[in-house]
Amino acid sequence: MNAEMLPSTLFSAAPHWKWLIIWYFFIGGLAGGTFFLAALLDLVGDVRDRALARLGYLIAFPAVLVCGLLLIVDLGRPSRFWHMLIQSNTGWPMFKAYSPMSLGAWALLVFGFFAFLAFLAALGDRGRAGGRWRIRLRPPGALGALVAVGGGIGGLFLSGYTGLLLAATNRPIWSDTTLLGVSFLISAASTSSALLIVLGRRLGGVYALRRLARFEVIVMVLELIALVALVVSLGPLARAWLSVWGVLLVVGVAGLGILVPLVLHWRGGWRAAVAGGVLVLVGGFLFRVVIVLSSEHLGRTI
Amino acid sequence: MAEPMGFFTDTSICIGCKACEVACKEWNQLPAANGGVTTLSGDSYDNTRQLDGLHWRHVRFVEQFAEDRKDGRWLLMSDVCKHCVRAGCMEVCPTGAIIRTEFDTVVIQSDTCNGCRDCIAACPFGVIGMNPVSDTAQKCTLCYDRLKVGLEPACAKACPTDSIQFGTIRELKERAAARVTQLDRQGVKGAYLYGADDRMLGGLNSFFLLMDRPEVYGLPANPQMPSRTLRAGALWTTLTAVVVGLAGVFSFRQRGHREPDEDRP
């Protein structure tokens, strides 16, 4: 065997991060992305955007709860999940600024707090008893702006750090590029706006949806550029995708998940936009499947 | 702190007896894999195959034979955790379960580890694995419990040829350098030390004398820290966040829009 040219990342062992983690990456992106878009609509949009922003908050908090559950269930010892946050021997906070997983555990907690506040505000908007004070947790107003900005930044972090988490390893593909965070963040933005378009169409607020569709087109173009840059950045290791993973990446992620939705957007019509949104969601999920599983199957995998 | 301790594994005198594997399993009470059902690798006399949560020592059999089997040689290496001075596993561990001991060795505390498996992906040597009994990540502790009472690690104690030598890093380096010189004088060319100097992850506290390229033994030629991509990755991701944010502001800002056509997105 000619072992001379083997990249050093091929000698590491696979961590067996599989479907639970893939779903976490996907739903985490949606949680962060929908909150970010909702916060932005609240902060720079007008009153006609409020219904769609409310939908974003209503999605973000349940989604972040699901994320926490997925991560806990994936642990070898789920009952020790709190060891990520509290040092089990001293009781002091456990935090490592240079460990993306440590940062991510805290980000989930902090983002989850903001998402909970905004969720309360979104429920309050329904006009139930006691809703008035809760509405103050949403912009306009200083407290609402604080929740929106804090949660929006947290949401962006949650969307992008997952790529850095994979990169800060010694696994093939994941740690052979510095662009995974870029692709994960853009994909989170596109899938989140797609979800809001698909679910928001029923709310009937065309004004906000139209602007969301404009955002969706911009991020899909960015997503395509980031995908090409990601493949190029892998250099010779990109050959690992001359397999079923490459077919899934080109046909499923780039074709069905980006190019077809772009064509549907340009063709116009709400039915096409909703169909495009569904395809973007499928493509975003497939992207995470390819990234996670194509590396899991390389090098030492037993 | 005690003087840094470690292993020097001289592969030129390993006979592949696997006494180190057995001694390690015995001392550390590591159970058999697959519930004791033997599975054969099918392509080698080595049926242990790899280091993982149940195998903290692994004697790798490298069988180099010509197609016609007229010429060939065995390379044998007892592999183990490298106890890196700059340890990737320790860097990423989010629970603080992985610590550096007073002997400058790297140990996973099983009562703190919660099985997130980040260290498995971070180790450039593929040393760590999940132990299905404890459901935590495990690897060689360099027999921390034996070191505490002045004993040498079980594998080094059991090795019948002294292929595995235990001692202070300073002393081991001297012995290793002398052995390379000795082999060279005897006409055995190509022997060299892997991980003995501090260029590789600050130095490996478990280093090797090898007879062929590292890859032949399943070792990376250029092992790296997991954080090497972090700075650039974080920078690119932050820039992307700014661009996506601006795209959102551009798309959502109020600019005296006319009511749009209800039928077109």
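These legends describe close-up views of a predicted model.

**View 1. A four-stranded open sheet in chain B.** The strand order is β8-β1-β10-β9 of chain B. Pairing is mixed. The edges are β8 (164–168) and β9 (192–194) of chain B, and each pairs on one side only. From one strand to the next, the twist averages 25 degrees.

**View 2. The pairing of β1(B) with β8(B).** Strand β1 of chain B covers residues 5–10. Its pairing with β8(B) is antiparallel and runs over five bridges. Phe7(B) has Phe166(B), in β8(B), as its bridge partner.

**View 3. Helix α6 of chain B packed on the sheet.** The helix spans residues 169–185. It touches β1, β8, β9 and β10 of chain B, with β10 at 206–210. The direction of α6(B) makes about 135 degrees with that of β8(B).

**View 4. The contact between chain B and chain A.** Chain B gives 60 residues and chain A gives 69 residues. On the side of chain B that touches chain A, the elements giving two or more residues are α2 (88–92), α3 (118–122), β6 (129–131) and α7 (230–252) of chain B.

**View 5. Helix α7(B) on the side of chain B that touches chain A.** This helix supplies the largest share of that side, 15 residues. What is the make-up of the side of chain B that touches chain A, by nonpolar, polar and charged residues? It holds 29 nonpolar, 21 polar and 10 charged residues.

Definitions and conventions. Residues are numbered from 1 along each chain as its sequence is written. Chains are lettered from A and ligands numbered from 1 in the order in which they are written. This is a predicted model: local features need pLDDT of at least 70, side-chain atom pairs count only at pLDDT 80 or more; totals for chains, interfaces and linings use all residues. Two strands pair if DSSP finds at least two bridges between them. Axes are lines fitted to C-alpha atoms, for helices over the stretch in contact, and angles run from 0 to 180 degrees between N-to-C directions. Two residues are in contact if their C-beta atoms, placed from the backbone, lie within 7 Å. Ala, Val, Leu, Ile, Met, Phe, Trp, Tyr, Cys and Pro count as nonpolar, Asp, Glu, Lys and Arg as charged, and the others, Gly among them, as polar.
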